[in-house]
There are 2 protein chains.
Amino acid sequence: MHRSRLTAALVDVPEESFQEVVRFWSGALGLEAESDDDDPNYASIGEPVAGFQFMVQQVDAPARIHLDIETDDVDAEVGRLEELGAERVEKIESWWVMRDPAGNLFCVVRVQDPAAFEREARNWE
Amino acid sequence: MHRSRLTAALVDVPEESFQEVVRFWSGALGLEAESDDDDPNYASIGEPVAGFQFMVQQVDAPARIHLDIETDDVDAEVGRLEELGAERVEKIESWWVMRDPAGNLFCVVRVQDPAAFEREARNWE
């Protein structure tokens, strides 16, 4: 058995828009932006909804929004989502980038928010 | 004074992918999909996070994901977001479609979830 839940939305933007988009979403949601000291490609905008993270990410691609699913078993969850019709795109460090059946990118990541995961994750046999 | 909060993520897909994408996200999140009897362009996938709605929408455009901000004063919120750097795209019925500074579409809608709005919305002077 493993578990998973939706954990985050990420606004992916080219480098030249990054700071402006961080300022915009921080102001729009009324949350302070924090840059990630370990990885300058990410800024956290905090939790606009309890248990749901919002981030801005620099990407070498046109602007888009993607979602993250957190799980206590990345391989099992990726396999489950493949059976439902998603495709693997690439593995990056500990997470998988996938595409939904219409081509939208999303990521399957390890548990990011243990308290919310415990409270809200679904069980899969 | 008015208030607003992030209320939903919507997966926008062309008509030919709609049913397949509804089935996929319903299975991925473990939530039953409900079609909207008033508008066949929408299917609700429920609340993957308490206070946060997930929907699939048919659009005449390439697949993408967009976010909805709910507010008790659409005009005031659209004006506030414009000052932060968003642009108006079009008004549809009671809501506004806008673009963030990188071009990502989002919508400013009337309050959809009064209990979560009361609990989590930010105040703007």
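**Rings and the interface**

Let me start with one residue: Phe24(A) has a relative accessibility of 0%, so it counts as buried. Keep in mind that this is a predicted model.

What sits beside that ring? The centres of the Phe24(A) and Phe106(B) rings are 5.8 Å apart, and their planes make an angle of 40°. An angle between 30 and 60 degrees is neither stacked nor edge-to-face, so this pair is tilted. Now look at the chain letters. Phe24(A) belongs to helix 1 of chain A, residues 18-29, while Phe106(B) belongs to strand 8 of chain B, residues 105-110, so the pair joins two chains. Phe106(B) is buried too, at a relative accessible area of 1%.

Next, a pair within chain B. Between Phe24(B) and Trp25(B) the ring centres are 5.1 Å apart and the planes are at 75°, so this pair is edge-to-face. Phe24(B) is buried, at 0% relative accessible area, and Trp25(B) is buried at 1%.

How many aromatic pairs are there over all chains? The count is nine. Some of them connect: ring pairs link Phe24(A), Trp25(A), Phe54(A) and Phe106(B) into a cluster.

Rings also take part in another arrangement. In chain B, the charged end of Arg80(B) sits over the ring of Trp124(B), at 3.5 Å from the ring centre. Likewise, the charged end of Arg88(B) sits over the ring of Trp96(B), here at 4.9 Å from the centre.

On to the interface as a whole. Chain A puts 44 residues into the contact, and chain B puts in 44 residues. About 3,300 Å² is buried between the two chains, and carbon and sulfur atoms give 69% of that area. How many salt bridges are there between chain A and chain B? The count is zero. Polar contacts do occur, with 12 residue pairs across the interface. On the chain A side, the elements that each supply at least two residues touching chain B are strand 1 (2-13), helix 1, strand 5 (64-71), helix 2 (74-83) and strand 9 (122-124).

Finally, a residue for contrast. Is Ser35(B) buried or exposed? Its relative accessibility is 60%, so Ser35(B) counts as exposed. Ser35(B) is part of strand 2 of chain B, residues 34-35. Setting aside neighbours within four places in sequence, Ser35(B) is in contact with Tyr42(B) and Ala43(B). From Ser35(B) to Val56(B) is 21 residues in sequence, and 9.5 Å in space between the C-alpha atoms.

That is my part. Thank you.

How values were computed
Residues numbered from 1 in each chain as written. Chains lettered and ligands numbered in written order. Predicted model: local features only at pLDDT ≥ 70, side-chain atom pairs only at ≥ 80, totals over all residues. Heavy atoms only, no water. Phe/Tyr/Trp six-rings, centres within 6.5 Å; stacked < 30°, edge-to-face > 60°. Helix = DSSP H or I, 4+ residues; strand = E, 2+ residues; numbered from the N terminus. Buried < 20%, exposed > 50% of the residue type's maximum accessible area, 1.4 Å probe, protein only. Lys NZ or Arg CZ within 6 Å of the ring centre and 35° of its normal. Contact = heavy atoms within 4.5 Å. Buried area = accessible area lost by both parts, 1.4 Å probe. Salt bridge = Lys/Arg side-chain N within 4 Å of Asp/Glu carboxyl O. Polar contact = N/O pair within 3.5 Å; in protein donor to acceptor, adjacent residues only side chain to side chain.
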